[in-house]
Amino acid sequence: MIVLKSGKYLTPNGGFEDGDIVLHGSEIASVSKNFDARSDDEVIDIRDCLVIPGLIDIHTHGAIGYDVSINKPSEIVELSKFYAKNGVTSFMPTTMTDTDVNIHQSLKNIKAASESGELGASIVGVHTEGPYISPARRGCHQANLIRTPKPEDADKIKEILGTTLKWRITVAPELPGMMEFIKYVIKKGGYVSLGHSDADAQTAYKAVAAGANSFTHLFNAMKGIHHREPGIAGAALLCDSFAEIICDGIHVNPDIVKLIYKAKGAGQIILITDSMPATGMKDCSLIFGGINVIVKDGTARTEDGTLAGSTLLLKNAVENISKFTGMPFEDAVRTASINPAKAIGIDHVTGSIAPGKCADFVIMDSGHNILGTYCRGKKVYSVL
Ligand SMILES: [Zn+2]
């Protein structure tokens, strides 16, 4: 067995404590003080280090030149190693609005990558962002491919993903037939997030009552708050639901992040990156979601100036939310680990450091620099 000795780990209750973490295969066997290692155990001394649960990104389109919508399984595997190096142990590759044929092909590629056995960060499911969104709030999604949903669309996606991969979908609740579709997706085992939407608050409340459990990149690509019409953004602040934030200081002003924190607390915020393929690269121009995108000073925009995803790393989002709001680091980690795990129904498997859960965690120095990442008990990155 592998024993990570004498580090400080983040407990599921939210504080750091001294403890020895013992791994058995892909799982955490125990966490205790002064574990008595046997001579055949591999003991790694991590004195003065912090151990946090691996970060979980449930909204990412790609990085280092790879786009999960168009790349081959082997390339998505390479991408998963980049994520692991940056502290992410699970992710949901996220597709853009596209034709059914193209979306289905992306799902098949992602599924093949998830089964490769060579992954860094685990692929825990797929997030389909669109095509059932509002043309008025499409952001950088292609207008001519936006459409209304049919139950068969959900059947087909579930058929491709099978039972091992979770499915999450971003939809605009105001589209015709959407309340029935939301209920149908949930009945099929999917998870619904509301976004790219021009809905009023009442429509958003109905969608939450129908089972939607989160809001996609709160305040971005959605109707904002007006004092006589709270809009979908106002509903997101008031509902008992999760809200994603792209916490790069560009997509949402730091004071608005503070406002979200005041309204929702650390328990209902999910940090995501919405990262696009230029993440981890120099400024460049590229095609993203079928549209020309220019990346300048790390900000990605279409030719008309619309933001087109981010180049954010999830570990930096964690630092940013602490800085912007004063949220303790322990809670900030929660917004990028157990909260996203809950939103897609994998919190019994991962998202915190506890016996019986997957050995998904990150070892850091006291300055929060990443020294090592373990995914499913496998050391996938280490400078130790
Ligand atoms: Zn996105």
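The legends below describe close-up views of a predicted model.

**View 1. Division of the protein chain into domain 1 and domain 2.** Domain 1 is made of residues 2–51 + 353–382, whereas domain 2 covers residues 55–343. Taken over C-alpha atoms, the centres of domain 1 and domain 2 are separated by 30 Å.

**View 2. The side of domain 1 that touches domain 2.** Here 13 residues of domain 1 are in contact with 16 residues of domain 2. At least two residues of this side of domain 1 are supplied by each of β21 (370–375) and β22 (378–382), and the largest share, 3 residues, comes from β21. Sorted by class, the side of domain 1 that touches domain 2 comprises 7 nonpolar, 4 polar and 2 charged residues.

**View 3. Helix α1 (residues 73–85) and the residue Gly87 just after it.** The buried residues of α1 are Ile76, Val77, Leu79, Ser80, Phe82, Tyr83 and Ala84. An α-helix has 3.6 residues a turn, so residues three or four places apart point the same way. Just after α1, Gly87 adopts a positive phi of about 90°.

**View 4. Helix α6 (residues 231–238) and the elements that cover its buried residues.** Because 6 of its 8 residues are buried, helix α6 is largely enclosed by the rest of the structure. The buried residues in α6 are Gly231, Ile232, Ala233, Ala235, Ala236 and Leu237. Their cover includes the strands β13 (191–194), β14 (214–215) and β15 (242–246), together with the helices α5 (201–209) and α7 (254–264).

Note on methods
Residues numbered from 1 in each chain as written. Predicted model: local features only at pLDDT ≥ 70, side-chain atom pairs only at ≥ 80, totals over all residues. Helix = DSSP H or I, 4+ residues; strand = E, 2+ residues; numbered from the N terminus. Expected span 1.5 Å × (residues − 1). Buried ≥ 20, exposed ≤ 12 C-beta atoms within 10 Å, placed from the backbone. Domains from an automatic or database assignment. Contact = placed C-beta atoms within 7 Å. Nonpolar A, V, L, I, M, F, W, Y, C, P; charged D, E, K, R; others polar.
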